[in-house]
Amino acid sequence: MPLLLLPFILILLSVFSMLRNRSQRSMKDQEDSFWEKEQRANRTRKQDISGLDYIQIPLDTFPLGRYADAPLPSLEQTLQTLSGRKILNLSGISNTDLKLMYGAANLNILSDCDANFTTLARTLADYGEQLADLGHWQDAVTVLEFGVSCKTDVSKNYTLLGALYKEHGESSKLNTLIQTVQDSEMLLKNSILNQL
């Protein structure tokens, strides 16, 4: 009986070996492709980035200085500081792709712009939440709607805005918000839609 199983075992081992070799070749091809793309990116000449779609914070529409409740002044100070910096939403774009598009020499500047966006996104969500908690729902909506227009990926921005729309009978705006989330490519899109 064991001799009858031997051909099957040999066939299984050869199939396993073939699949393993194919997988290793595929991984090697992917690695080679990555490094080739990275080398091209590192050779890309510096491009003009002055015309990119930088985010401008509309401080004049926010209730800056209107309320003294903590932590509003701290959040407002962060927004004022950010308003003097360059901000770009570069979510979902790898460093290699940034170098290919704009040149390796611009990577540090673009990374700073993206870090500023991350700070902005968190600050807007926190600022909107604090305003809502203090009962200033219209101001909270203004701040959170700006976050949506920037395509923030902070889920609290969307869920809190949706809750405020529901609470204050803004069903058409809620439907628009849901559509905006559906059309987005956010990682937490399904979770946000479930909460909305």
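1. In helix α2, the buried residues (buried being under 20% relative accessible area, with a 1.4 Å probe and protein chains only) are Leu72, Leu75, Glu76, Leu79 and Leu82. They lie on the same side of α2, because they cover an arc of only 120° around the axis, the arc being that of the directions from the helix axis to the C-beta atoms. An α-helix has 3.6 residues a turn, so residues three or four places apart point the same way. The buried residues of α2 pack against α4 (107-133), where contact means heavy atoms within 4.5 Å.

2. This is a predicted model, in which local features need pLDDT of at least 70 and side-chain atom pairs count only at pLDDT 80 or more, whereas totals for chains, interfaces and linings use all residues. Residues are numbered from 1 along each chain as its sequence is written, and side-chain values use heavy atoms, with hydrogens and water left out.

3. Helix α2 spans residues 72-83, twelve residues in all, and reaches 16 Å from its first C-alpha to its last, close to the 16 Å expected at 1.5 Å a residue, the expected span being 1.5 Å times one less than the number of residues. Helices (H or I, at least four residues) are DSSP runs, numbered from the N terminus.

4. The structure holds zero disulfides, a disulfide being a pair of cysteine sulfur atoms within 2.5 Å. The sulfur of Cys113 has its closest cysteine sulfur in Cys150, 14 Å away and therefore too far for a bond. Cys113 is buried at 2% relative accessibility, and Cys150 counts as buried at 9%.

Notes:
Buried < 20%, exposed > 50% of the residue type's maximum accessible area, 1.4 Å probe, protein only. Helix = DSSP H or I, 4+ residues; strand = E, 2+ residues; numbered from the N terminus.
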